[in-house]
Amino acid sequence: MGARSIKTKSETSTHFKVPVATEDRAFCLGPDGAAAHVTRVLRMIQGRWKLPILFRLFADPTMRSSQLLPDMPDISQKMLTQHLSELEKDRLVERIDFAEKPLRVKYRLSEESRKLMPVLFEARRFSEGHPATQTDPTDAPRRGHGLTVNGICF
């Protein structure tokens with residue numbers, strides 16, 4: 001997609017500006033626009049255990065699934081395997097398969113997910129400044145998983 005000139009409101013404080021002109025809105029809000037790309041990322045990390053898995057692998061670069069289980073006591077091995085497989089399919093986690101008997105597998109963050117981690121840390125900071133609403137009890141932050149990364153408990 002080539003560079004394109006878009007008319008925007010001058011008081012917008014970011015260079016990622018939403019166009020004012022109706023004909024230019026699809027450029028940002030259409031199927032290949034900013035909203036679509038952010039939605040795609042949110043779908044990749046959607047799932048009760050995907051974020052704890054990503055943060056755990058950020059803290060410890062390579063881990064076996066059996067090492068991940070103690071940090072997430074409510075997850076089953078089946079669910080952990082399913083989430084790891086989905087994260088691998090979305091290229092957020094890499095599976096290291098050792099050619100050994102018995103089978104030995106380790107997981108690590110991909111280079112792509114390492115780029116995503118600062119965004120997730122910022123999302124946490126944003127959440128801390130915006131308390132959950134009374135209308136949706138599922139919005140309330142869950143108790144941490146006992147994991148500390150860079151002084152932040154997850």
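Two exercises on a predicted model follow, each with a worked solution.

Residues are numbered from 1 along each chain as its sequence is written. Local features need pLDDT of at least 70, side-chain atom pairs count only at pLDDT 80 or more, totals for chains, interfaces and linings use all residues, and side-chain values use heavy atoms, without hydrogens and water.

**Exercise 1.** Determine the strand order of the open sheet and how its strands pair.

Solution. Strands (E, at least two residues) and helices (H or I, at least four) are DSSP runs numbered from the N terminus. Two strands pair if DSSP finds at least two bridges between them. Strands β2 (residues 93–98) and β3 (residues 104–109) run antiparallel and share six bridges. A hairpin of five residues links β2 to β3. The order is β1-β3-β2, with antiparallel pairing. β1 (62–63) and β2 each have a single partner strand, so one side of each lacks a neighbour in the sheet.

**Exercise 2.** State how many residues of helix α3 (residues 50–59) are buried.

Solution. Buried means under 20% relative accessible area (1.4 Å probe, protein chains only). Seven of the 10 residues qualify, so α3 is largely enclosed by the rest of the structure. Among them are Ile 53, Leu 54 and Phe 55.

Notes:
Buried < 20%, exposed > 50% of the residue type's maximum accessible area, 1.4 Å probe, protein only.
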